[in-house]
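Hi everyone, thanks for making time this morning.

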Amino acid sequence: MTTHDHGPHSGHGANGTDEESSPFAELMGEVMATAERFGHRQHVQLTWLAVRRYGTTAAVDLVSDGIQRTARYAGAPQKYNATVSRAWIELVGHHAGQLETADFDAFADQNPALLDKKLLARFYRSSTLASDPARTGWVEPDLAPFPWQQAGG
C-alpha cells in the first residue's frame, strides 16, 4: 500500500498517473480544447502558455521533455530535436516578454513570424539542425544571431 494513491487510475502503472496530471498534459489539454489537430499554431500556443505560466527557462525543460516523450510514445523518437525545441521556446519567450497580452490570438497577430514553420531557417542552416549535436543537445545559430543576441549591450 502506498501513500500516493491517485484514485481509480492508480492501478494503471506508475507512468500513467503521473502523465495524466503533468503540466505538459494540462497545457496540451487546454490547447486541444479548441483545436481539431495539433499543428504548428497549436505548438506555438502551447509554448506561449508554458512561457507565461512557468517562465522561459522552466518552459524549455517542460515543453522539450513533453515533446520528447510524445515522440517516443508515437514510436518516432528520432523526430525530437533538442535544438529545434529550445530555439522555438526561446523565440516565443522573447516575443512574449515584449508583449504582455493574455490573448494568444492577439499575440499571434502581432508576431506572425512565429507562425512560420520555416522561421528557424533564418538562424540555422538545415544541415546544422539535422546534425547529431543539434538533435541531442544545444547548438548556437550559425546563420544569424537570435534577436536578443543582436542587442550588443
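Before we look at any pocket, let me say what I mean by the word: a pocket here is an open set of grid points with protein on both sides within 12 Å along at least five of seven lines. Its volume is the space filled by probe spheres set on those points. And please keep in mind that this is a predicted model.

First, the overall picture. The protein chain has 8 helices and 0 strands, so if you read from the N terminus on, the elements go α-α-α-α-α-α-α-α. Of the 153 residues in the chain, 39% are buried.

How much space lies in the largest pocket? About 650 Å³. It is lined by 23 residues, and the ones closest to its centre are Phe38, His43, Ile67, Lys79 and Val84.

The top contributor is helix 5, which gives 5 residues.

So let's stay with helix 5 for a moment. Helix 5 is 17 residues long and spans 25 Å from its first C-alpha to its last, close to the expected 24 Å. At its N-terminal end sits a cap: a side-chain oxygen of Asn81 lies 3.0 Å from the backbone nitrogen of Thr83. Helix 5 is also mostly covered, with 13 of its 17 residues buried.

That takes us to the inside of the protein. In soluble globular proteins, nonpolar side chains tend to be buried together. In this model, the largest nonpolar core holds 35 residues, and Phe107 and Leu114 have the most contacts inside it. Helix 2, helix 3, helix 4, helix 5 and helix 6 (104-110) each supply at least two of the core residues. Once again helix 5 gives the most, this time with 7 residues.

Is Gln42 buried or exposed? Gln42 counts as buried because its relative accessible area is 15%, and the cut-off for buried is under 20%. Gln42 is 10 residues from Met32 in sequence, and their C-alpha atoms are 7.7 Å apart in space.

That's my tour, and I'm happy to take questions.

Definitions and conventions: Residues are numbered from 1 along each chain as its sequence is written. This is a predicted model: local features need pLDDT of at least 70, side-chain atom pairs count only at pLDDT 80 or more; totals for chains, interfaces and linings use all residues. Side-chain values use heavy atoms; hydrogens and water are left out. On a 1 Å grid over the protein atoms alone, a cavity is a set of points where a 1.4 Å probe fits but cannot get out, and a pocket is an open set with protein on both sides within 12 Å along at least five of seven lines; lining residues have an atom within 4 Å of a point. Helices (H or I, at least four residues) and strands (E, at least two) are DSSP runs, numbered from the N terminus. The expected span of a helix is 1.5 Å times one less than its number of residues. Buried means under 20% relative accessible area, exposed over 50%, partly exposed in between (1.4 Å probe, protein chains only). A polar contact is a pair of N or O atoms within 3.5 Å; within protein, one must be able to donate a hydrogen and the other to accept it, and residues adjacent in sequence count only if both atoms are side-chain atoms. A nonpolar core is a set of buried Ala, Val, Leu, Ile, Met, Phe, Trp, Tyr and Cys residues joined through side-chain atoms within 4.5 Å.
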